[in-house]
Amino acid sequence: MTARVRDGLRHEVLDANLTIPQAGLATLTWGNVSGVDRQAGVFVIKPSGVPYQDLALDHLVTVRLSDGKAVDGDLRPSTDTETHRCLYLAFPSIGGITHTHSTHAVAFAQTRRDIPVLGTTHADTFDGPIPCTPDLTPDQCKEDYEYNTGRIIADLLKGDDQRATEVPAALVANHGPFTWGPTARTSLEHAIICEAVADMAINTLALSPTAHHPHTCWPATTPANTAPTPTTATRDRGRPLPQSPVSLRARLSGRPGGCGVVRPSRGSGPRSPARGAAQNRPR
Ligand SMILES: [Zn+2]
């Protein structure tokens, strides 16, 4: 059976998947990208176990959103398909999802720590810490592990679609990052940025274990989320979301910050005195 999906979606999903290894986000066949066609009620995802160098358009699998049934494609869909499906159902704004086991983001996931906001590189894309889920319970692991992985992310964000737009990523404890966006391509870009800011955060905390975001510019998160040293296995799982939806990006978009810098809004010019100086240099 062949399912029609909107023009360009399969190519976009293929290109995004092929970029995963090029961006250094995957080892072997790890990682996957999907893109949804909500009108058709299906999403397109990478198959399971096909090496990236062999991946072709024909290998992609189309899966029905309502019940997870593969409706097009000869191969088995990625093992993470049910996680993707759960996230699409929970957050209507999501058009594409990327999952990787990228090294630095996984380091945060394996220590069950949020990736803290330590500077503008992070804040330009993620309007608050990238949160880490609690562990799945033994029962959640035993049955429907993949769908429950999506559920635990949805629970972490309290099913708040707006929040999912503001911080388009989450870490699954002891597993890795899931990122999303309005398109498959955007979700992949968010995966690349998630890995980059995780890398920067680890380096920053290595140089200065007490590094933190300046509270005058960025709202504080809970101490458990921003602690510079590894936390114990007993984190407070009932904590509130680390950041209110009104937020960091609003604070960065034109109001004078406590650090004394008036930050212009996205795309409206130089974002920092340093970049402004560079752009004003004679060429
Ligand atoms: Zn995984």
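**The sheet and its surroundings**

Analyst: The protein has 11 helices and 7 strands, where helices (H or I, at least four residues) and strands (E, at least two) are DSSP runs numbered from the N terminus. Please keep in mind that this is a predicted model, in which local features need pLDDT of at least 70, side-chain atom pairs count only at pLDDT 80 or more, and totals for chains, interfaces and linings use all residues. Residues are numbered from 1 along each chain as its sequence is written.

Now to the sheet. Its 7 strands form an open, antiparallel arrangement in the order β4-β3-β2-β1-β5-β7-β6; two strands pair if DSSP finds at least two bridges between them. The edges are held by β4 (70–72) and β6 (169–172), each with a single partner strand, so one side of each has no neighbour in the sheet. On average, neighbouring strands are turned by 25 degrees against each other, direction ignored.

Helix α1 (residues 9–22) touches β1 (32–37), β2 (42–45) and β5, and its direction makes about 165 degrees with that of β1. Helix α3 (residues 103–110) touches β6 and β7, with a direction about 115 degrees from that of β7. Axes are lines fitted to C-alpha atoms, for helices over the stretch in contact, and angles run from 0 to 180 degrees between N-to-C directions. Contact here puts the two C-beta atoms, placed from the backbone, within 7 Å.

Val 13 gives a residue-level view: leaving out residues up to four places away in sequence, Val 13 touches Val 33, Ser 34, Gly 35, Val 44, Leu 60 and Ala 184. Val 13 is also among the residues with the most contacts inside the largest nonpolar core, which has 53 residues; Ala 170, Leu 171 and Val 172 are others in that group. Such a core is a set of buried Ala, Val, Leu, Ile, Met, Phe, Trp, Tyr and Cys residues joined through C-beta atoms within 7 Å. Buried means that 20 or more other C-beta atoms lie within 10 Å of a residue's own, with C-beta atoms placed from the backbone (exposed: 12 or fewer; partly exposed: in between). Helix α8 (residues 184–207) supplies the largest share of this core, 7 residues. Across the protein, buried residues make up 40% of the 283 residues.
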